[in-house]
Amino acid sequence: MKGAPFYILGNWKSNKTVAEAADWIKEFASLWKKQPPDTSRVQVVLFCGYIHLPVLASLVALSPVKLVLGVQNISAYPAGAYTGEICANQVSEFARFALIGHSERRRLFAETNVVAAEKIKRVIEAGMESVYCIQEESMNMPDVCNIIAYEPVWAIGTGKPAAPEHASEVAAKIIAQAKRNVKVIYGGSVTPDNVHTYAAMLHISGVLPGGASLNAKTFYSLIINAQR
Ligand code: PGA
């Protein structure tokens with residue numbers, strides 16, 4: 001691992017009740033307390049559900065855990081008369097990051113680049129930061145994002161991760177194309193067993209585990225193994 005902290009971005013997707021989320025953080029905190037990860041080397045972010053935000057924020061504040069919260073989606077609209085939407089301003093009290101353009105949102109919820117661009121504006125207005133997902137290196141990247149997640153669809157939830165060398169090569173191309181200094185994160189079937197192979201790659205600045213973030217012990221092991 002080189003220089004800046006390696007990002008570990010857990011994505012719970014549509015999983016966990018509030019009670020389950022509270023149990024998760026309690027177990028995670030007890031593991032953390034026994035052997036705290038070196039937070040100069042890893043930055044841990046958890047993309048939970050909206051309903052989990054207040055509870056997780058207060059439990060994290062009471063624990064030794066250094067974990068930042070993020071949301072998996074956000075309204076393209078500001079605060080106002082948009083029934084059923086959750087806007088960036090509402091979550092900014094708890095969350096620092098927003099995941100934008102995840103492949104599941106593009107495929108199942110018609111999230112186009114145009115919609116994603118609106119969401120990014122709302123995130124910036126709320127003083128938060130976007131993690132912008134692209135599924136192929138040829139995809140458009142907004143100029144304003146500092147963190148780009150490369151997550152090939154064939155690697156998501158399949159148990160068939162991209163080879164770290166491939167992910168690093170794509171990351172290098174993304175960095176070369178970007179108009180600003182971007183960090184590239186890899187997502188797709190990252191586990192405690194393979195995370196160190198990504199952490200060893202020059203152009204990869206973090207990982208985005210979905211399935212491997214659901215169990216507190218697994219996620220904690222992934223963090224510990226990323227430090228190697
Ligand atoms: P996975 O999901 O780790 O379960 O493959 C990753 C993602 O959605 O980016």
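Reader: How do the residues of the lining of the second largest pocket divide into nonpolar, polar and charged?

Author: This is a predicted model, and in it the lining of the second largest pocket divides into 5 nonpolar, 11 polar and 2 charged residues.

Reader: And which residues lie nearest the centre of that second largest pocket?

Author: The second largest pocket is lined by 18 residues, and those nearest its centre are K13, G157, S189, G210 and G211. Its volume comes to about 180 Å³.

Reader: Where does the ligand go, in terms of pockets?

Author: The space that the ligand takes is the second largest pocket. The residues surrounding the ligand are K13, H102, E151, A155, I156, G157, G188, S189, L208, P209, G210 and G211, and by class this shell has 4 nonpolar, 6 polar and 2 charged residues.

Reader: Which side chain has a polar atom lying 3.2 Å from an oxygen atom of the ligand?

Author: That is E151, whose polar side-chain atom is placed 3.2 Å from a ligand oxygen atom. For G157, a backbone N or O atom lies 2.6 Å from an oxygen atom of the ligand, and for G211 a backbone N or O atom lies 2.9 Å from an oxygen atom of the ligand.

Reader: How much of the ligand's accessible area does the protein cover?

Author: On its own the ligand has 280 Å² of accessible area, and the protein covers 94% of that.

Reader: Changing topic, then: what volume does the largest pocket have, please?

Author: The largest pocket has a volume of about 400 Å³. Its lining is made up of 18 residues, with K13, S14, Q72, N73 and R105 lying nearest the centre.

Reader: Which helix gives the largest share of the lining of that largest pocket?

Author: Helix α4, residues 103-108, gives the largest share, with 3 residues of the lining.

Reader: And by class, what does the lining of the largest pocket have?

Author: The lining of the largest pocket has 7 nonpolar, 8 polar and 3 charged residues. K13 is listed among the residues nearest the centre of the largest pocket, and K13 is also listed among those nearest the centre of the second largest pocket.

Key. Residues are numbered from 1 along each chain as its sequence is written. This is a predicted model: local features need pLDDT of at least 70, side-chain atom pairs count only at pLDDT 80 or more; totals for chains, interfaces and linings use all residues. Side-chain values use heavy atoms; hydrogens and water are left out. On a 1 Å grid over the protein atoms alone, a cavity is a set of points where a 1.4 Å probe fits but cannot get out, and a pocket is an open set with protein on both sides within 12 Å along at least five of seven lines; lining residues have an atom within 4 Å of a point. Grid points are joined across faces, edges and corners, and a volume is the space filled by probe spheres set on the points. Helices (H or I, at least four residues) and strands (E, at least two) are DSSP runs, numbered from the N terminus. Ala, Val, Leu, Ile, Met, Phe, Trp, Tyr, Cys and Pro count as nonpolar, Asp, Glu, Lys and Arg as charged, and the others, Gly among them, as polar. A residue is near a molecule or strand if one of its heavy atoms lies within 4 Å of it. A polar contact is a pair of N or O atoms within 3.5 Å; within protein, one must be able to donate a hydrogen and the other to accept it, and residues adjacent in sequence count only if both atoms are side-chain atoms. Accessible areas come from the Shrake-Rupley method with a 1.4 Å probe; for residues, only the protein chains shown count as cover. A molecule sits in a cavity or pocket if more than half of its atoms lie within 2 Å of its grid points.
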